[in-house]
Amino acid sequence: MPKGALVLLGQFLRQYCQQHQLTLLTETDLPADTPDDDSFWCLGGQELSVVVTAHPQDNDHVVVGLTAEAAVVEAFLAQRGLSQPVFATSLSALSQFMLAWIQACAEVPAQLVINRQRERRLLLNQVITKIQGSLELGEILETTVAEVRQFLQADRLLIYQFDQVPDTLVKPMDSAAPAHPSGSRPIGYITYESRSRDRLASVLNYTEDLCFHDHPDYPHQERRYRHGHPLAIDDVAQAYPHAPCMATFLQEMQVRSKAVAPILVGQQLWGLLIVHQCDYLRQWQPWETEFLQHIAEHLAIAISQAQLYHQLQQQTQNLEVCVVERTQDLRDALVAAEAANRAKTEFLATMSHELRTPLTYIIGMSATLLRWSLGELTPRQRDYLTTIQTSGEHLLRVINDILDVSKIEAGRTVLEVRQFSLTSLCRQSVDAFRTEAAQNDIDIALDLKLPNGQDAFLADPRRVRQILANLLSNAVKFTNVGGKVVLCVRREQNDAVFQVKDTGIGISAAAQSLLFGKFQQLENVLQREHAGTGLGLALTKQLVELHGGSIKVSSEAGKGSIFTVRIPLQRSTEPLALVVEPPLTAEPVIGRIVLVEDNEETASVICDMLTAAGYQVIWIVDGSRVLDQVELLQPAAMITSLSLASADGNDIIATLRQRSSSTAPKILALVDLDSPDQTEQALRAGANDCVSKPIDPRQLLATVNAVMTAQTV
């Protein structure tokens, strides 16, 4: 009977003993030192004594024997060291046993089929689970080969792998792999193998290249494989009469029967799943080749997954390389950007010194010539000087705007928070544009809505004035003849709200988003009627945001615009003192002024401008002897630079302030525009006020006039 029926036979005999209350002995009851390769069952009772034996015939079948003679049964047990009462078997009891056995045997084939199907499904599920749970192709193939061979009870199971697959999926060959005699690339190798016992020769790494080519049926078999059809050969000796190479190989490997299932990955023949039976001729059952083909199909899925995973890994590696290269490119770009930013900073610093300083001289000297010259100026000369002064002032404003924007973006701009009068600052801002507005027949006005006690405000007055100047300048520039510009000022709790309204050309909704961008002008370049760099509103927005405020615009093309600026009250740790902005039109008071400056160009501009304004100016170059000169000359005011080579300007100011004299002069300090710390140091030392270098002629005259007219405290 089939070997698989032994399990069912044992189940039947145990059940029969239980049903008829018989004693059962098996090989498991033998003493430990009793050798016995056969299986047996001994059933004993008062009417039945039977021994059933099972002896292997081959890998798939066993020979079953039965005896019911009491003497034979007793001898069988005694021979194996077992003892139990043996009774004579009655014919009726034996007949009943045999009928029950025959009935059980009738059910064996169906039960074997069911068991075999269950085992096949279980093995397939195990293979599928391995494929789904792992991407290690070598592990999947090696385990599957071993389990399928054991399930089929075959002597050898192997995978023949063709060379067209990617090298990363080919199992590495060891040094024992045979070299191809022709030197050409072989078709493939046996890459995985499982054997039932070690005494069977191994075919691992063997190539059948020549045998394939010599086999006349090979093209037919290849087409069969490429269509996914398995091949079963019950007797290999009869299958290869015209292929001596293949026949010799199979004979050397002791192969008597074999079955082959192709492994197709996509539409390509990846390899072959081959089963060898060596001990006897095997007649392959349809379910065996079908099962083998199912295994091959699932292995094809595993191989496809591994190929996709390999491609994904390659793509990931390529992506990582791209990311590294891109990161390096970004770092290089960052280094270049930082270098460019340093170059820009150096350029702006150079421009600050090399352009702004000469421009102030041009503006100052042209203003001086317009006010006071050695002779009478002709109308053309006066027009030329006016053009020089106006153009210089315009260019200086452009340079200052660029520098301010650059400083704010670099985070190097610090607010100089002080308390000031909103009324005074706004009135001066409007008055600065009255002349330009009058020339274009534009009505400019100030609308103050400040309750009592709400005039004092804490912010950076210079930056607030700059914000209002930019907005008023644009309003006047873009308002047609006969139009109107109004600056409205009000307080809302801790905020100061400034509104600049005009009846000008207005701004379309689409263009409003571009308003506050750097170097943006809303007119077409070819049709541009108004000069400008497009930095004014960008700088204004940055100055407002530097205060923590906001700026908004409401406009309609052809109907004017309203710019609303909201600046919150700032905080200051310094003692607050109300700063009253000096009027720009204050008249000079005649008096002697001592100027201490070792820069000849700066000193010449200041001397000429103050002399033209009616002041008597005495220029001292050496700062080390200035105290004696002041004691001798008794000036009404003294202007001293803080950047003297011969003395410390702050020490000069402090020493003069320490001298108790009712006739002590007013003191102005010349400070660098880019060094706000100098202003604080000069005021702490005792200076009445400060003037920034490069010199702004209007600021210089206004500050000198304000200091000269101020009452001494």
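1. Leu670 has Val691 as its bridge partner in E22. E21 and strand E22 (residues 689-693) pair in the parallel sense, over five bridges. Strands pair here if DSSP finds at least two bridges between them. Helices (H or I, at least four residues) and strands (E, at least two) are DSSP runs, numbered from the N terminus.

2. A word on the basis. This is a predicted model, in which local features need pLDDT of at least 70 and side-chain atom pairs count only at pLDDT 80 or more, while totals for chains, interfaces and linings use all residues. Residues are numbered from 1 along each chain as its sequence is written, and side-chain values use heavy atoms, with hydrogens and water left out.

3. E21 also pairs with strand E20 (residues 637-641): the two run parallel and are joined by five bridges. Thr640 stands opposite Ala669 of E21. Strand E21 (residues 666-672) is mostly covered, with six of its seven residues buried (under 20% relative accessible area, 1.4 Å probe, protein chains only).

4. Two cavities of 30 Å³ or more turn up in a search of the whole structure. A cavity is a set of points on a 1 Å grid over the protein atoms alone where a 1.4 Å probe fits but cannot get out; lining residues have an atom within 4 Å of a point.

5. What lines the second largest cavity? Ala637, Met638, Ile639, Lys666, Ile667, Leu668, Val704, Val707 and Met708 do. E20, E21 and helix H20 (697-709) each supply at least two residues of this lining. The lining divides into eight nonpolar residues, no polar and one charged. Ala, Val, Leu, Ile, Met, Phe, Trp, Tyr, Cys and Pro count as nonpolar, Asp, Glu, Lys and Arg as charged, and the others, Gly among them, as polar.

6. Strand E18 (residues 592-596) runs parallel to strand E19 (residues 616-620), joined by five bridges. Arg592 stands opposite Gln616 in E19. From E18 the chain crosses through helix H16 (residues 600-612) to E19, in a right-handed β-α-β crossover (clockwise from the first strand over the helix to the second, with the strands pointing away from the viewer).

7. Four strands form an open, antiparallel sheet in the order E1-E2-E3-E4. Strand E1 (23-26) and strand E4 (62-67) stand at the edges with a single partner strand each, so one side of each is left without a neighbour in the sheet. Six bridges join strand E3 (residues 49-56) to E4. Thr53 stands opposite Gly65 in E4.

Methods. Buried < 20%, exposed > 50% of the residue type's maximum accessible area, 1.4 Å probe, protein only. 1 Å grid on protein atoms, 1.4 Å probe; cavity = no way out; pocket = protein on both sides within 12 Å on 5 of 7 lines; lining within 4 Å. Points joined across faces, edges and corners; volume = space filled by probe spheres on them.
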